[in-house]
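Here's a quick briefing to read with the model open beside you. Take it one topic at a time and find each piece as you go.

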Amino acid sequence: MSSRTRTIKDILWVLALSGLIAAVFRLWFGLGATTNLSDAYPWGLWKILNMIGGVALSTSGFTVGFLVYVLRIKRFQPLMKPAILIAFLGYGCSCAALLLDIGLPQRFWHPIFMWNINSFLFEVFWCVMLYFTVTAIELAPMIFERLRAEKIAHFLHHIAIVVVIIGISLSSLHHSSLGSLFLVTPQRLYPLWYTPWLPWLFIISAMGAGLMVVVLIRMLWAYWYDHDTVFGPRANHTTPLIRISNDSTTAVPARGPEGPEMPALRSLATIAAWLLGLYLVFKVVDLFLHGGWSTLMVGNWESWLYLIELTLTAILPVILMILPWSRRTPAGVAVAATSAAVGLALNRVDVGILGYVHDAGVLYFPTLVEWMVGLGVVAAAGLVLFFLAENMPVFGPGSTETSSPVGKFKLPNGSLSRLWSTTLADSLHRVTLIAVFIIPLAYVLMYPPYGETWAQPIRPADGLDAERATLCIDGNKDGVETIFAHAEHQHRFGDSASCVKCHHLSMPGDHSTPCSRCHCSMNDPTNIFSHDVHTAALVKVKHLGGLHPENFTCQDCHAPGSPRTAATAKNCMECHRENMVPPGAVEQSNNLLMACSYREAMHGTCIKCHQHEAIQLDQPHLSDCQTCHQTLRPRETTVQTLASQADRTAN
Amino acid sequence: MYGILVDVTRCVACEKCVAACVARNKGNSQLADRDRATTKDGLSSHRRSAIISVDEGRFARKSCMHCLEPACVSACLVGSLKKTADGPVIYDKDKCIGCRYCMLACPFHVPRYEWDQTKPFVTKCDLCYDRIEQGQLPACVEACPEGVLKFGDRDQLMAEAKSRIKAEPNRYRDHVWGEKEFGGTSVIYISDVDLAELNWPDTGADSIPELTEPLVHKTPFIGLGVAVGLISLNWIVKRRNKLAGDDDSAKHSEENHE
């Protein structure tokens with residue numbers, strides 16, 4: 001195992017293991033407790049970024065398949081295997097995330113038997129399922145060759161073209177349908193991103209970015225394992241600490257600053273850039289055709305996001321692939337590929353999550369568990385890629401680091417023991433070590449929020465609770481609760497007869513009585529703010545003397561030179577910050593009670609008596625709602641008189 | 001086809017309909033009260049209907065509109081949601097896999113998810129389908145003391161809505177919400193204020209399934225077309241290569257020099 005990939009593999013192991021633990025948390029505590037998904041954002045990180053974004057970045061299987069098998073471009077033949085492997089792993093890890101995302105993972109097979117042919121999601125499910133099978137079949141020859149089952153491998157090679165064509169057809173369907181999924185939300189998706197062209201935009205961008213991903217991964221692999229095939233021979237062969245694969249250096253004659261595979265990668269990236277350029281054209285035409293231009297010109301954060309996304313996905317890669325100085329260097333191609341991949345992922349997040357912010361009115365940010373699972377599945381796919389590519393000739397014959405002969409994966413002792421002594425024993429040690437740290441860390445980081453708050457939901461105070469000394473009030477619903485000394489207030493206002501003094505102050509429809517109804521202005525007679533008490537206290541603190549020492553305290557609260565009104569005074573919280581109770585600071589077991597609202601208070605006070613009297617006096621209308629509620633009257637008083645006159649004359 | 005007529009001018013926001021709804025669905029009234037305060041529109045898995053303030057002093061019952069061409073039914077990939085011939089859009093929890101596409105698809109933002117459950121399902125109003133089948137009124141209609149809600153055949157309700165508007169043109173706006181919007185709904189509204197709060201579109205938009213269903217029905221043919229195109233393209237390339245002789249290597253180097 002190379003020392004260059006050791007760090008990256010360890011990071012992948014950490015991510016994958018923490019993802020595994022997070023997945024257990026998600027299954028154990030449920031979707032609502034471990035994710036920030038809500039009724040406002042039913043689709044979150046896993047569906048949008050992992051599934052829709054991940055699948056879009058894994059289009060390599062069918063695009064390279066098209067170039068190699070249908071157009072028969074021999075040059076791209078060496079990229080076929082990586083492309084299929086990327087597609088297989090990309091789809092695999094996306095589906096793993098999706099499996100955790102659906103509410104009832106045990107029922108993932110339902111769409112196979114329960115059909116709704118009107119649903120785009122149904123079509124996507126079938127196409128993804130079938131295409132995943134197709135990539136597995138395309139991948140199989142590689143495995144069978146390694147296992148020396150040549151007859152099966154030969155048969156699979158024989159039907160490759162059929163399989164590839166089925167795969168391309170399925171892909172062209174579901175990549176566009178993933179865009180069509182969002183066609184159902186014309187009212188909610190931000191108009192910059194909602195367009196009837198979504199299916200087209202999705203498939204073209206996915207094809208372009210998918211090709212870029214192959215280029216990027218091939219270059220990354222070359223960076224780690226077979227430097228010379230892509231980047232050309234190193235300038236200084238005697239560089240210590242870095243081993244160079246002997247096969248490739250001897251096989252490849254020096255031919256300038258790049259390796260023999262670079263031209264193929266460059267032309268692949270050029271094809272991708274053409275596709276992304278087409279995407280750019282589509283996007284711009286779409287802007288003008290479907291009214292996005294005026295939305296873009298608003299200049300809010302969505303406009304900027306749109307521009308950033310479009311720059312990353314299309315503009316930057318296309319420019320980099322056009323300019324000679326950047327397209328000639330491997331670094332330029334790599335930057336173009338990275339930019340396209342990141343831009344595409346951002347685009348899917350925009351369409352799936354950020355485009356709904358203006359409608360939902362709240363922001364969605366994934367929880368730790370969501371990030372860990374989302375990154376974990378990708379990391380696991382990366383590890384599988386490392387394992388397969390190190391043990392099979394995925395990236396060409398010279399790409400595996402060990403110079404063992406290819407195609408001799410003997411099951412008997414020899415190879416197994418070699419596998420154990422080289423790969424597993426070493427990594428098992430480290431994996432165990434990582435796991436030992438990861439598990440407690442994950443427990444500490446993830447467990448606390450889900451134990452208590454979900455077990456004890458906030459509930460409104462009922463009769464007995466109102467007798468308690470204190471209640472928690474969050475009048476403006478900002479999550480910051482204030483301790484309200486209910487008993488004290490009640491006592492000061494005249495005990496049990498005083499309920500109406502406060503509970504009558506809020507209006508119908510208010511969810512609870514806001515404190516500001518009383519504590520709003522120092523000029524308000526019901527305000528508890530005492531101006532004299534404050535000035536006296538300031539005099540005392542500042543040791544002021546004279547006939548009217550309080551006259552020198554004005555500027556402590558009011559801005560100098562400003563009129564001495566409540567509006568120019570300091571916010572109470574500037575001095576009395578300790579009175580503010582941050583969320584969670586209150587001892588929640590006793591006090592997590594909301595004050596009862598106007599409605600609850602009035603209904604509790606009035607209705608019982610009304611119902612009782614209605615029966616006693618035999619006047620059932622007393623218990624009707626409209627005896628007290630008189631919203632039925634029309635809004636304009638003139639209309640009322642006319643209407644009532646009409647009624648009277650009719651009667 | 002059954003439906004409900006909602007007369008917004010009569011609603012006094014007593015929320016008896018909501019209480020009856022929670023009771024009928026065997027919900028936890030305390031959790032329902034909590035969600036009334038903590039959610040944006042009062043709908044949650046514990047509260048399948050809510051009273052929302054549509055204007056100063058005007059309230060409307062928000063719940064499933066039971067669209068004539070429901071987006072949720074069209075979206076559900078396992079057919080867990082169904083529009084019955086009687087009008088209600090009902091939910092079969094035995095089929096649901098929890099993909100939550102219905103929640104995304106619904107233009108009124110009605111289906112809600114049981115986020116506090118480890119085995120969660122979608123919840124939505126089913127117009128008390130079991131009660132209708134037994135000849136009873138839906139729980140909310142039965143509970144309403146003000147005559148805001150009226151249950152009956154949709155066509156008759158539509159006629160009644162129009163006659164009410166005609167009888168008191170000063171009292172109502174000359175518009176029946178749900179007559180045409182999103183292809184028409186089984187729950188229709190008459191009001192003296194605008195009902196934008198209930199997510200009604202400004203203009204008479206097409207139904208949501210009309211945006212997607214014609215497309216999705218074309219997909220098998222598109223797939224077949226792509227396959228046929230690929231096969232012929234493959235044949236052409238094969239034949240061209242054969243005619244040009246096996247000079248792939250020459251072509252290869254040529255392209256490299258471009």
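A residue is called buried if 20 or more other C-beta atoms lie within 10 Å of its own, exposed if 12 or fewer do, and partly exposed in between, with the C-beta atoms placed from the backbone. Helices (H or I, at least four residues) and strands (E, at least two) are DSSP runs, numbered from the N terminus. This is a predicted model, where local features need pLDDT of at least 70, side-chain atom pairs count only at pLDDT 80 or more, and totals for chains, interfaces and linings use all residues. Residues are numbered from 1 along each chain as its sequence is written, while chains are lettered from A and ligands numbered from 1 in the order in which they are written.

**Chain A in outline**

- Chain A has 30 helices and 4 strands, and 39% of its 651 residues are buried.
- Two residues are in contact if their C-beta atoms, placed from the backbone, lie within 7 Å. Looking at contacts in chain A with a separation of 6 or more, 75% are between residues 24 or more positions apart.

**A helix wrapped up in chain A**

**Where the two chains touch**

- The contact takes 71 residues from chain B and 66 residues from chain A.
- On the chain B side, α2 (29-38), α3 (71-75), α4 (101-105), β6 (112-113), α8 (208-243) and α9 (248-256) each supply at least two residues. The largest share, 19 residues, comes from α8(B).
- That side of chain B has 36 nonpolar, 18 polar and 17 charged residues. Here Ala, Val, Leu, Ile, Met, Phe, Trp, Tyr, Cys and Pro count as nonpolar, Asp, Glu, Lys and Arg as charged, and the others, Gly among them, as polar.
- Have a look at A:L31, which is found in helix α2 (residues 31-34) of chain A. It counts as buried because it has 28 C-beta neighbours inside 10 Å.
- Leaving aside residues up to four places away in sequence, A:L31 touches A:R26, A:L37, A:G103, B:W115 and B:P120.

**Two domains in chain B**

- Chain B is divided into domain 1 (2-206) and domain 2 (210-256), with bounds that come from an automatic or database domain assignment.
- Taken over C-alpha atoms, the centres of these two domains are 50 Å apart.

**A three-stranded sheet in chain B**

- Two strands pair if DSSP finds at least two bridges between them. In chain B, 3 strands form an open sheet with mixed pairing, in the order β8-β1-β9.
- β8 (149-153) and β9 of chain B are the edge strands, each pairing on one side only.
- The twist averages 25° from one strand to the next. Helix α7 (residues 154-167) of chain B packs on the sheet, touching β1, β8 and β9 of chain B, and its direction makes about 130° with that of β8(B). For these angles, axes are lines fitted to C-alpha atoms (for helices over the stretch in contact), and angles run from 0 to 180 degrees between N-to-C directions.
- Strand β1 (residues 2-7) of chain B runs parallel to β9(B), joined to it by 4 bridges, and B:D7 stands opposite B:I190 in β9(B).
- Strand β9 (residues 187-190) of chain B is covered on both faces: B:V187 and B:Y189 are buried on one side, B:I188 and B:I190 on the other.

**A hairpin in chain B**

- Strand β2 (residues 50-55) of chain B pairs with β3(B) in the antiparallel sense over 5 bridges, and B:S53 stands opposite B:F59.
- These two strands form a hairpin with 2 residues between them, and B:G57 in the turn has a positive phi of about 75°.
- In strand β3 (residues 58-62) of chain B, 5 of the 5 residues are buried, so the strand is largely enclosed by the rest of the structure.

- Most residues other than glycine have a negative phi.
- A:R72 isn't a glycine, yet has a positive phi of about 55°. A:R72 is found in the loop between α4 (60-70) and α5 (77-101) of chain A, and it counts as partly exposed because it has 16 C-beta neighbours inside 10 Å.
- B:C128 isn't a glycine either, and its phi is positive at about 50°. B:C128 lies in the loop between β7 (122-123) and α5 (129-133) of chain B.
- Is B:C128 buried or exposed? B:C128 counts as buried, because it has 22 C-beta neighbours inside 10 Å.
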